[in-house]
Amino acid sequence: MSLTDPIADLLTRIRNAARAGKKDLSLPSSQMKTEVVRILRDEGYIRNFKVITEGKQGVLNISLKYNDEGECVISGLKRVSKPGCRIYCSKNSIPKTLDGLGIVIVSTSKGIMTGKMCEEFGVGGEVLCSVW
């Protein structure tokens with residue numbers, strides 16, 4: 001099956017699994033999805049992930065993270081740049097999510113990184129999504 005926007009598919013699957021109270025979810029793997037999920041793990045939004053390389057594409061297994069009350073740590077996900085309308089930012093205009101309470105994930109020439117990392121390295125790029 002061909003998807004025109006695999007990042008939006010990733011975010012939608014995470015959002016749906018969190019709303020349904022699922023602990024784990026599986027989806028087709030890609031290098032970009034793996035990097036986005038790695039950032040989510042490093043920032044503390046998911047518990048862990050695992051890439052299973054079987055067949056042509058592989059499978060990405062994600063373990064969601066919940067607090068003591070049973071609510072998912074991720075309260076919102078939003079796709080910013082879409083295939084029909086790309087949104088870019090320079091190193092001086094990196095957007096903030098909820099005044100710094102969330103993160104922005106940016107695709108740069110140095111790889112996929114958070115908005116804070118973009119400010120540290122002094123690079124801009126395509127704004128993929130925001131998470132809070």
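1. A salt bridge here is a side-chain nitrogen of Lys or Arg within 4 Å of a carboxyl oxygen of Asp or Glu. By that rule glutamate 35 pairs with arginine 38, with 2.9 Å between the closest N and O atoms. The structure holds seven salt bridges, and a few of them are picked out below.

2. Some housekeeping before going on. This is a predicted model, so local features need pLDDT of at least 70 and side-chain atom pairs count only at pLDDT 80 or more, while totals for chains, interfaces and linings use all residues. Residues are numbered from 1 along each chain as its sequence is written, and side-chain values use heavy atoms, with hydrogens and water left out.

3. Back to the first pair. Glutamate 35 and arginine 38 both sit in helix H2, three residues apart, which is about one turn of the helix. (Helices, H or I with at least four residues, and strands, E with at least two, are DSSP runs numbered from the N terminus.) On accessibility, buried means under 20% relative accessible area, exposed over 50%, and partly exposed in between, using a 1.4 Å probe and protein chains only. Glutamate 35 comes out partly exposed at 26%, and arginine 38 is partly exposed at 25%.

4. Next up, aspartate 42 and arginine 41: their side chains meet in a salt bridge at 3.3 Å, N to O. Aspartate 42 has 46% relative accessibility and counts as partly exposed; arginine 41 is also partly exposed, at 31%.

5. Then there's glutamate 126 with arginine 86, a salt bridge whose closest N and O atoms are 2.9 Å apart. Glutamate 126 lies in strand E8 (residues 125–131) and arginine 86 in the loop between strand E4 (77–79) and strand E5 (88–89), so this pair ties together parts that are 40 residues apart in sequence.

6. Last, a look at glycine 44. Where does glycine 44 lie? In the loop between helix H2 (31–42) and strand E2 (46–52). Leaving out residues up to four places away in sequence, glycine 44 touches Lys65 and Val73, where contact means heavy atoms within 4.5 Å. Glycine 44 and aspartate 9 are 35 residues apart in sequence, and their C-alpha atoms are 21 Å apart in space.
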